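Subject: Structure handover

Dear colleague,

Please find the structure below, handed over for your files. My notes on it follow.

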Amino acid sequence: LIFFPGFLPDVREPYLFKLQGSLIPTRFRQPGSLFNHFCNGKQTNDCRYQVDLFSIQTLVVCFLGTAAGVVLGAIPGMNGGIGIAVMLPFTYAMRPEQGLLFLGGIYLGSSYGGSISGILINCPGTAEASCTALEGYQMTRKGEGKSALYFSVIASGIGSIIGLVVL
């Protein structure tokens, strides 16, 4: 059986209107607001979905996912995939976009978190941090562990931003 996109139900429509009501607060419908900036004043389903990505709740969930990823990545043997599997049950009560951003934050945070244990105890938490452990642990032995962690977080942040822009 072959499904074509035209025959599949739109799963966002019942979610947007029947379960949550109107997702666009009245302050976003005013001229010059965030809604009008991103959607040119049009009230379509796609625009309502995009505006909801910039809400405070969604940004907090993304931050919490990143923090959880850093903690899980710092544990040797816990990489991004395992962290996502462990934290997946927490996303069941979230809205779909929040759950996906939470899991994405875990994955990105764990790639940095693995370098913490690699730099401090020479046991990388993730496979990406193995090269960081080679030079970072030597800096820790010389008493420069703090600057090694700074370099690691700056490089991870720049790499994540470039990766997100390219994708």
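In what order do the elements of the chain run from the N terminus on? The order is α-α-α-α-α-α-α-α, and the chain has 8 helices and 0 strands. Helices (H or I, at least four residues) and strands (E, at least two) are DSSP runs numbered from the N terminus.

This is a predicted model, in which local features need pLDDT of at least 70 and side-chain atom pairs count only at pLDDT 80 or more, while totals for chains, interfaces and linings use all residues. Residues are numbered from 1 along each chain as its sequence is written, and side-chain values use heavy atoms, with hydrogens and water left out.

Confidence

The mean pLDDT (the predictor's confidence in each residue, from 0 to 100) is 76 for the chain, and 69% of the residues reach 70 or more. Among the elements, the lowest mean pLDDT, 39, belongs to helix H1 (residues 12-19), and the highest, 92, to helix H7 (residues 130-141). The pLDDT is below 50 over residues 1-35, a stretch that has 42 contacts in the model beyond near neighbours in sequence. A contact means heavy atoms within 4.5 Å.

Whole chain

Of the 167 residues, 31% are buried. Buried means under 20% relative accessible area, exposed means over 50%, and partly exposed is in between (1.4 Å probe, protein chains only). The chain exposes about 10,700 Å², of which carbon and sulfur atoms supply 68%; accessible areas come from the Shrake-Rupley method with a 1.4 Å probe, and for residues only the protein chains shown count as cover. Among contacts with a separation of 6 or more, 54% are between residues 24 or more positions apart.

Gly80, Gly83 and Met87 are buried in helix H5 (residues 80-87). They lie on the same side of H5, because they cover an arc of only 60 degrees around the axis; the arc is that of the directions from the helix axis to the C-beta atoms. The buried residues of H5 pack against helix H4 (56-74) and helix H6 (96-121).

Ser117 lies in helix H6. Ser117 is buried, with a relative accessible area of 5%. Neighbours within four places in sequence aside, the contacts of Ser117 are Ala74, Pro76, Asn122, Cys123, Pro124 and Gly125.

Salt bridge

The structure holds 1 salt bridge, defined as a side-chain nitrogen of Lys or Arg within 4 Å of a carboxyl oxygen of Asp or Glu. Arg95 and Glu97 form a salt bridge, with 3.1 Å between the closest N and O atoms. Both Glu97 and Arg95 are buried.

Thr132 is in helix H7 and is partly exposed, with a relative accessible area of 26%. Not counting residues up to four places away in sequence, Thr132 touches Ser115, Ile119, Tyr137 and Ser152. Thr132 and Ser152 are 20 residues apart along the chain, and their C-alpha atoms are separated by 7.7 Å.

On the surface, Tyr150, Val153, Ile154, Ile158, Ile162 and Val166 form a nonpolar patch with about 600 Å² of accessible area together. Patches are made of residues with over 30% relative accessible area and no salt bridge, like charges being joined within 9 Å and nonpolar side chains (Val, Leu, Ile, Met, Phe, Trp, Tyr) within 5 Å. Val166, one of the patch residues, lies in helix H8 (residues 145-166) and is exposed, with a relative accessible area of 67%.

Regards
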